[in-house]
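Here's a quick tour of a protein model, written for someone who likes cut-offs spelled out. Have a look at the chain first, then we'll go through its surface, helices, rings and charges.

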Amino acid sequence: MRKIEFVSCHKLPERSFFYKGKQFPFCARCTGIYVGYFIFIPLLWFMKIDIYWALLAIAPTMTDGLTQAYFNRESTNFLRFSTGILAGYGLAGLSDFIAYWIVYFFKHLFIN
């Protein structure tokens, strides 16, 4: 029987950070995404970002990942982590945008 994994991350050692000789449970890019997401989710309570800024923030991670996958280019863990933080910021904004519109439509569907 296989172990069920809830997060799809390749966890390659050469693309991961190590602390005291132990590998992080996620690669550098996924670590950046999670760090960015959990930093910016509470900040969205005070400041909202536009959907276009959110999508623009995700673009560097997509560019880095896709050029690495399809153009035989090797990225650094610092670049993966940095673009991951931007993507986390963008995903937090995108989540906020989606949640807002779900609440908006349910309010207008059931209250009006």
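## A greasy patch on the surface

Phe-97, Ile-98, Tyr-100, Trp-101, Ile-102, Phe-105, Phe-106, Leu-109, Phe-110 and Ile-111 make up a nonpolar surface patch, and together they have about 1,100 Å² of accessible area. For such patches, residues need over 30% relative accessible area and no salt bridge, with nonpolar side chains (Val, Leu, Ile, Met, Phe, Trp, Tyr) joined within 5 Å and like charges within 9 Å. The areas come from the Shrake-Rupley method with a 1.4 Å probe, and for residues only the protein chains shown count as cover.

Some housekeeping: this is a predicted model, where local features need pLDDT of at least 70 and side-chain atom pairs count only at pLDDT 80 or more, while totals for chains, interfaces and linings use all residues. Residues are numbered from 1 along each chain as its sequence is written, and side-chain values use heavy atoms, with hydrogens and water left out.

One of its members, Ile-102, sits in helix α3, residues 77-110. Helices here are DSSP runs of H or I with at least four residues, strands are runs of E with at least two, and both are numbered from the N terminus. Ile-102 is partly exposed, at 44% relative accessible area; the scale is buried under 20%, exposed over 50% and partly exposed in between (1.4 Å probe, protein chains only).

How does the end-to-end distance of α3 fit its 34 residues? At 1.5 Å a residue α3 should span 50 Å, and its end C-alpha atoms are 48 Å apart, so the two agree. The expected span is 1.5 Å times one less than the number of residues.

Buried residues of α3 are Asn-77, Arg-80, Thr-83, Gly-84, Ala-87, Gly-88, Gly-90, Ala-92 and Gly-93. Their cover includes β1, α1 and α2; contact here means heavy atoms within 4.5 Å. In α1, Ala-28, Arg-29, Cys-30, Thr-31, Gly-32, Ile-33, Gly-36 and Phe-40 are buried, and what covers them includes β1 (16-19), β2 (22-27), α2 (51-70) and α3.

## Rings

A pair of aromatic rings is described by the distance of the centres and the angle of the planes. Rings of Phe, Tyr and Trp (its six-membered ring) pair if their centres lie within 6.5 Å; planes under 30 degrees apart count as stacked, over 60 as edge-to-face and the rest as tilted. The whole structure holds 12 aromatic pairs. Phe-17 and Phe-24 have ring centres 6.0 Å apart and planes at 70 degrees, so they are edge-to-face. Phe-17 is partly exposed at 25% relative accessible area, and Phe-24 is partly exposed at 32%. Phe-106 and Phe-110, on the other hand, are stacked, at 5.6 Å centre to centre with 15 degrees between the planes. These two are 4 residues apart in α3, so about one helical turn separates them. Phe-106 is partly exposed at 47%, while Phe-110 is exposed at 61%. There's an aromatic cluster as well, formed by Phe-97, Tyr-100, Trp-101, Tyr-104 and Phe-105.

## Charges

A search of the whole structure turns up 5 salt bridges, each a side-chain nitrogen of Lys or Arg within 4 Å of a carboxyl oxygen of Asp or Glu. Here are some of them.

| Salt bridge | N to O distance |
|---|---|
| Arg-15 and Glu-74 | 3.7 Å |
| Asp-64 and Arg-29 | 2.6 Å |
| Lys-48 and Asp-96 | 3.4 Å |

Lys-48, in the loop between α1 and α2, and Asp-96, in helix α3, are 48 residues apart, so this pair links distant parts of the chain. Lys-48 is exposed at 59%, whereas Asp-96 is partly exposed at 22%. Shared partners join Arg-15, Glu-74 and Arg-80 into one salt-bridge network.

Which residues does Arg-15 touch, leaving aside neighbours within four places in sequence? The contacts are His-10, Cys-27, Ala-28, Gln-68, Glu-74, Asn-77 and Arg-80. Arg-15 itself is placed in the segment before β1. Glu-74 is exposed, with a relative accessible area of 54%.

The Asp-64 and Arg-29 bridge connects helix α2 to helix α1 across 35 residues of chain. Both of these residues, Asp-64 and Arg-29, are buried.
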